[in-house]
Amino acid sequence: MGNINENRLKTDLKSGRLERAYFLYGSEDYLVRFFADKITELAVPEDARDMNFVRYTEAPKADALSDQLENMPFFSEYKCVLIKDLDIDSLEAAEHKAYLALIKNIPETSVLIIAQENIAYEKKPKAATKKMIEAVESVGVSCEMMYLTEDKVAARAQKEAAKAGCSLSPENARLLARECGNSLTVLENELAKLCSYRNSGEITAADIEGLVPKRIDTNIFNLAKELFAGRTSSALEILNDVFAQNAEPNSILSALSGHFIDLYRAKLGKLAKKTAYDASAAFKYPPNRSFVMNNAYRSVDRLSERYLGKCVEVLYNTNRLLNSSQADKRQLIEKAIIEIASLPRN
């Protein structure tokens with residue numbers, strides 16, 4: 001019992017081992033859903049689910065949840081209850097306390113799954129959530145589902161493409177993984193589209209470039225490249241494309257700031273004669289995000305520490321204005337791009 005990783009969870013389920021409670025969370029929502037389904041399948045056979053499986057898409061009252069968990073299974077070994085995206089921090093104090101009590105006393109004949117999609121506790125979770133996780137771990141396990149590495153996502157893309165009668169070269173599989181942000185949910189959708197378009201045969205780089213929408217982070221990467229090359233008008237055109245995809249200004253600025261912070265950290269790492277791996281570990285990047293530092297290391301040779309620091313400063317000030325002033329948010333971001341373009345790069 002306690003916190004375990006995805007591989008351990010997979011091994012336990014393959015062996016048929018079930019805990020009384022699971023707290024599944026993380027940025028990779030595909031895996032959160034996948035393992036929630038696997039636990040459900042193991043706990044309750046499909047032909048017995050009408051009587052023994054309950055799914056909640058919003059927080060049930062503690063009394064109702066207790067009734068479900070206390071009920072004996074009917075023609076099944078277990079009763080299974082799944083709560084999706086439980087808003088723990090909004091529970092009233094009395095309800096939260098009741099949840100903790102009932103979780104700690106789940107009977108051996110019941111399995112509770114709390115599935116939190118698209119939630120990554122990069123910092124310590126709030127007190128209410130922390131206590132909920134601890135309650136689950138007292139009778140079961142918690143497991144964070146992080147994005148897989150680019151190589152693992154690429155391998156999956158090749159395998160799934162083959163099932164659909166198509167093929168992907170290793171290079172194009174990695175391209176597709178990058179364009180999908182290593183998200184298995186996005187990969188599933190985009191690969192289905194590509195296979196439908198190609199029908200059979202090889203999925204090419206041109207297919208991927210033409211059919212897979214550019215993610216914000218991909219566009220931001222290209223925008224920065226144009227800025228570094230002195231092509232301000234091209235950078236603003238890319239920004240215009242991002243806005244045309246109905247991206248939120250705060251999300252755009254967050255992605256832009258994150259990219260320049262990665263570059264600044266990479267420059268500091270290089271100046272300290274550290275490897276990308278060392279820098280990634282020092283700045284506490286998750287293992288599945290180490291490729292971010294690798295990419296940043298390849299981009300900063302001709303950029304000075306002072307320049308990158310000034311870029312981060314511009315974006316910090318823009319973020320402050322974005323959150324405090326009544327000025328047009330798009331204009332603020334465009335102004336930041338122009339200001340960065342005017343900075344000396346050495």
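This is a predicted model: local features need pLDDT of at least 70, side-chain atom pairs count only at pLDDT 80 or more; totals for chains, interfaces and linings use all residues.
How do the residues of the lining of the second largest pocket divide into nonpolar, polar and charged? They divide into 12 nonpolar, five polar and seven charged residues.

- The space in the second largest pocket amounts to about 650 Å³.
- Its lining is made up of 24 residues, and those that lie nearest the centre of the pocket are E6, N7, K10, L31 and L148.
- Four elements each contribute two or more residues to this lining, namely β1 (2-4), α1 (6-14), α2 (29-43) and α7 (150-163).
- Helix α2 provides the largest share of the lining, with six residues.

**The largest cavity**
- One cavity of 30 Å³ or more is present in the structure, and the largest cavity holds about 30 Å³ of space.
- The residues that line the largest cavity are I4, L9, D12, L13, R17, E19, Y22 and V141.
- Helix α1 gives the most to this lining, with three residues.
- Five of the lining residues of the largest cavity are nonpolar and three are charged, while no polar residue is found among them.

**Helix α17**
- Helix α17 comprises 13 residues (329-341), and at 1.5 Å a residue these should span 18 Å. The C-alpha atoms at its ends are 19 Å apart, which agrees with that expectation.
- The buried residues of α17 are L332, I333, A336, I337 and I340.
- Viewed down the axis of α17, these buried residues fall within an arc of 140°, and they therefore line one face of the helix.
- On the face of α17 that is turned away from the buried side are the exposed residues Q331 and K335.
- The packing partners of the buried residues of α17 are α11 (216-228), α12 (232-244), α13 (249-271) and α16 (305-324).

**Residue C80**
- C80 belongs to strand β4, which covers residues 79-84.
- The relative accessible area of C80 is 0%; because a residue under 20% counts as buried, C80 is buried.
- When neighbours within four places in sequence are left aside, C80 is in contact with T40, A43, V44, N52, F53, V54, V111 and I113.
- C80 and D278 are 198 residues apart in sequence, and their C-alpha atoms are 44 Å apart in space.

How values were computed
Residues are numbered from 1 along each chain as its sequence is written. Side-chain values use heavy atoms; hydrogens and water are left out. On a 1 Å grid over the protein atoms alone, a cavity is a set of points where a 1.4 Å probe fits but cannot get out, and a pocket is an open set with protein on both sides within 12 Å along at least five of seven lines; lining residues have an atom within 4 Å of a point. Grid points are joined across faces, edges and corners, and a volume is the space filled by probe spheres set on the points. Ala, Val, Leu, Ile, Met, Phe, Trp, Tyr, Cys and Pro count as nonpolar, Asp, Glu, Lys and Arg as charged, and the others, Gly among them, as polar. The expected span of a helix is 1.5 Å times one less than its number of residues. Buried means under 20% relative accessible area, exposed over 50%, partly exposed in between (1.4 Å probe, protein chains only). The arc is that of the directions from the helix axis to the C-beta atoms. Contact means heavy atoms within 4.5 Å.
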